[in-house]
Amino acid sequence: MVNKTSFQLAFFAPKYWPSWLSIFLLYTLSWLPQSWQLALGRALGRLVYRLMKKRRKIAEVNIALCYPELSSQEQTAMVLKNMENTGMAIFESAMAWWWPEWRIKRVLGSVTGLEHVDAAHQQGKGVLLLVPHMLHLEMASRVMGVKRKGIGFYRPHNNALMDYFTTKGRLRSNEYLVGKRDVKSLLKALKDKKFCYYLPDQDYGRKRSVFAPFFAVPDAASTTGTLIFASSSYCQTLSISTRRDEQGKYHLAVQPALENFPSGDEVADVTAVNQRMEQAINMAPEQYMWLHRRFKTRPDENAPSYYR
């Protein structure tokens with residue numbers, strides 16, 4: 001569990017100087033008007049689209065697999081918008097980490113469905129909130145923090161200095177952070193009736209996974225980790241959708257609890273989770289993290305990769 005972070009003198013070592021330069025640049029740019037930052041992000045995203053062909057290929061494959069009903073032209077247009085949103089996400093992370101609350105409130109469009117959270121707490125339960133990997137996730141978390149402080153799942157950054165700033169920024173909108181392998185601490189948070197974020201939508205490999213439908217892919221490797229927490233008698237499982245509108249405001253909508261969940265049928269339960277993720281992603285599919293190799297794990301280990 002992390003509820004504070006400490007600065008280290010070692011951060012002044014030469015190996016961190018490039019990181020300091022990046023942090024100084026991002027911090028400085030974060031004080032520009034939001035519209036300017038998002039415009040810079042779009043431009044950066046177009047550069048990513050042209051230069052980072054491997055990442056673009058992953059997005060192209062994912063979108064083609066998930067939206068086969070779209071024409072090739074529509075898929076290409078979505079990929080470009082997705083790259084633009086990828087560039088914007090860098091600036092949105094800086095906004096989330098360093099903006100004062102009065103600036104956050106200016107871009108708060110709407111937060112609905114909090115009555116479902118309150119209902120769970122009135123029943124003496126904590127909330128496991130299923131969250132998709134939207135590119136603006138850092139800002140969505142900060143916006144939610146205006147209304148409800150949460151418990152965030154945490155994976156340490158490989159760079160200790162970046163980890164310091166990332167953790168410090170996330171603690172502005174969360175009570176504390178829980179390590180991604182710290183099952184006991186998240187179960188305790190649920191027992192304490194906390195509001196806990198959980199991201200179940202990526203491919204974490206074969207371990208603790210089943211193959212279940214995700215969009216048009218019938219056999220996507222999907223984590224059963226959700227069920228460990230949802231099975232707790234202290235837990236009620238909800239989900240959320242988030243999107244940024246054309247004016248740069250963020251809209252968050254908490255959805256009602258999953259019914260008869262978990263049912264004991266792992267594939268059926270994970271499918272229900274995937275369906276909630278699909279519904280949330282479809283609110284703004286161009287803003288989703290399609291750069292992740294979502295379908296890298298195949299049921300047949302000898303099957304060719306989608307991403308070759």
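This is a predicted model: local features need pLDDT of at least 70, side-chain atom pairs count only at pLDDT 80 or more; totals for chains, interfaces and linings use all residues.

Now the geometry. Two packed helices are described by the angle between their axes and the distance between the axes. Here α4 covers residues 72–98 and α7 covers residues 137–147, and their axes come within 7 Å, crossing at roughly 30 degrees. Angles under 35 degrees count as roughly parallel, so α4 is roughly parallel to α7. As for the hand, α4 passes α7 in a left-handed crossing.

While we're on α4, have a look at glycine 87, which sits in that helix. Is glycine 87 buried or exposed? Its relative accessibility is 2%, so it counts as buried. Skip the neighbours within four places in sequence, and glycine 87 is in contact with Gly41, Leu44 and Gly45.

The axes of α1 (residues 17–29) and α8 (residues 160–170) come within 9 Å and cross at roughly 30 degrees. That makes α1 and α8 roughly parallel to each other too. On the α1 side we have Ser19, Trp20 and Ile23, and on the α8 side Leu161, Met162 and Phe165. The class count for α1 with α8 is five nonpolar, one polar and no charged residues.

Okay, strands. β2 (residues 126–130) and β5 run parallel, with four bridges joining them. Which residue in β5 stands opposite valine 127? That one is phenylalanine 195. Both faces of β5, residues 195–198, are covered: Phe195 and Tyr197 are buried on one side, and Cys196 and Tyr198 are buried on the other.

Last stop, threonine 297, in the segment after α11 (266–281). Threonine 297 has a relative accessible area of 12% and is buried. What is around it? Apart from neighbours within four places in sequence, threonine 297 is in contact with Asp203, Gly205, Arg206, Phe211 and Ala221.

That's my tour, happy to go back to any of it.

Note on methods: Residues are numbered from 1 along each chain as its sequence is written. Side-chain values use heavy atoms; hydrogens and water are left out. Axes are lines fitted to C-alpha atoms, for helices over the stretch in contact, and angles run from 0 to 180 degrees between N-to-C directions. Helices (H or I, at least four residues) and strands (E, at least two) are DSSP runs, numbered from the N terminus. Angles under 35 degrees count as roughly parallel, over 145 as roughly antiparallel, 65 to 115 as roughly perpendicular and the rest as oblique. A crossing is left-handed if the near helix is turned anticlockwise from the far one by less than a right angle, and right-handed if clockwise. Buried means under 20% relative accessible area, exposed over 50%, partly exposed in between (1.4 Å probe, protein chains only). Two strands pair if DSSP finds at least two bridges between them. Contact means heavy atoms within 4.5 Å. Ala, Val, Leu, Ile, Met, Phe, Trp, Tyr, Cys and Pro count as nonpolar, Asp, Glu, Lys and Arg as charged, and the others, Gly among them, as polar.
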